[in-house]
Amino acid sequence: MLTIQFGQCGNQLGHTLFSKILSDIDCVNTGVSYNDNYQYSEDTFNKWFSGISKNNERLARAVLVDTEEKVINKIYNDRYSPWTYLTRNVICQAGGGCANNWALGYLLKGRVLSDVILNRIRQEIEKLDHFDGFLLLLSSAGGTGSGIGSYITKLLHEEYDKKPIINTTILPFSFGEVCTQNYNTLLTLAKLYNESDINILIENEQIYNICMNLLKKPSMSLHDMNGVISEKLLAVFQPLYHINHSINSLLSQIACHPSYKIATIKTTPHIPVTSIKYESVHNWNSYIHHLKQTLRISSSNSQLTNVEIRMPSSSLGNTIHHVYACSVSNILITRGITSEQDRIMTNEFQEKHLYADWNTIDWFSHFHQNRKFLNRDKFLALLTNNSQISYYLDTLLSKTWNSYIHSAFLHQYKQFGLEEDDFLQAFAVLENVTKEYKELVCHVKK
């Protein structure tokens, strides 16, 4: 897999991601044999790293792109990590960034940087005997990640049309980031929907709430939030001992219909590092039940029930009255030790009434890894493609349309060549996506 990091957010997240990968490899209490742990470490290294430097540092298989030097220099010159980036893969065009403007990133700076970016990507891929695909990390709020990230995704789709492209897009807080964030997010999501195989959406607000409610962080930092996001991604993408687990097979299941290419990742449990050895560990099925409850919506007002930011309970309870979002497909990934007394039962996710009525075969898969993940006895991730995303998209469209009809900030985009038709086309794409997700109809429960 080749990771491509765009802008301040993508590069900070990528740096934390690779640090987490090394933390996972270096865990001592793995719960598996020496040989199994050795194989896991080898598979992890081959997946994320391209070799060893002269200074005995692991070389991350990544390309870094930014239009400002501050962040990219800081993470590249981090001398406290036992890994680093290849110098030639750090691409920075100094000159004031992209002014939080998708059009500047997509129409101008993306084109200026495209040749050098694609050349670095080709060099990395040519070194590989087998190439799984691309993992792109970017934020939709600013200009570099959203604009240049979208433009490079388009070029990758044209040049590597047979290779999976996975975008991980960080969505901004509802209020308080940048005044143009809704336009940038609209344009990014619309463009990526046509150019990538799947877009994994991460909401900053949700990650913040996990840090506050579950990790009990007294002073919040971007590093804390990036740590949670990294754990979500790695819980899905770290190696699994399963013959059918590859990026292609994962995408064919989670994005099995071309009209539904958006996913989110639900994870549990989230426990402060200082409390892990004191925290009681529930059985597998309690955690699985908890993840199922994250798909709940309120039957009274059709709003989401935010279960992920609560602690799991050992009591399964009676959930017959709950209403669930309609899923296109779900993939459950469990990591940790099982036993005869504590088996993993996935019945709750196999019920037909949770899934779209047209999906009759591949609506659910389960993969398991016996090795502990980051010293956790149990860790679970649910990669889910379901109708919950329509709530976020609806809100985004409403806010952005309200700005658009008042012509707020439009001149900032028009000066770089973006026309009104480009906005209208982006609105049309996302409105159609929202409509498709809203109209998902599940099997009738009998």
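The conversation below covers a sheet, a strand, a helix and a loop residue.

Biologist: What kind of model is this, and how are residues numbered?
Modeller: It is a predicted model, in which local features need pLDDT of at least 70 and side-chain atom pairs count only at pLDDT 80 or more, while totals for chains, interfaces and linings use all residues. Residues are numbered from 1 along each chain as its sequence is written, and side-chain values use heavy atoms, leaving out hydrogens and water.

Biologist: Which order do the strands of the open sheet of three strands have?
Modeller: The order is 2-3-5, with mixed pairing. Strands (E, at least two residues) and helices (H or I, at least four) are DSSP runs numbered from the N terminus, and two strands pair if DSSP finds at least two bridges between them.

Biologist: And which strands are at the edges?
Modeller: Strand 2 (49-52) and strand 5 (83-85) are the edge strands, each pairing on one side only.

Biologist: In what sense do strand 3 and strand 5 pair?
Modeller: Strand 3 (residues 58-60) pairs with strand 5 in the parallel sense, over three bridges. R58 stands opposite W83 in strand 5.

Biologist: New topic: how many residues of strand 13 are buried?
Modeller: In strand 13 (residues 327-336), 10 of its 10 residues are buried. Buried means under 20% relative accessible area, exposed over 50%, and partly exposed in between (1.4 Å probe, protein chains only).

Biologist: Which partners does strand 13 have?
Modeller: Strand 13 pairs with strand 15 in the antiparallel sense over nine bridges, and with strand 14 (residues 364-369) in the parallel sense over six bridges. I333 has A381 in strand 15 as its bridge partner, whereas T334 has H368 in strand 14.

Biologist: Where do the buried residues of helix 13 fall?
Modeller: The buried residues of helix 13 (residues 420-438) include F423, F427 and L430. Seen down the axis, the buried residues fall within an arc of 160 degrees (taken from the directions from the helix axis to the C-beta atoms), so they line one face of the helix. The face turned away from the buried side carries the exposed residues D421 and Q425.

Biologist: Lastly, where is A408?
Modeller: A408 is in the loop between helix 11 (389-405) and helix 12 (410-414). This residue is partly exposed, with a relative accessible area of 24%. Leaving aside neighbours within four places in sequence, A408 is in contact (heavy atoms within 4.5 Å) with Y183 and S403.
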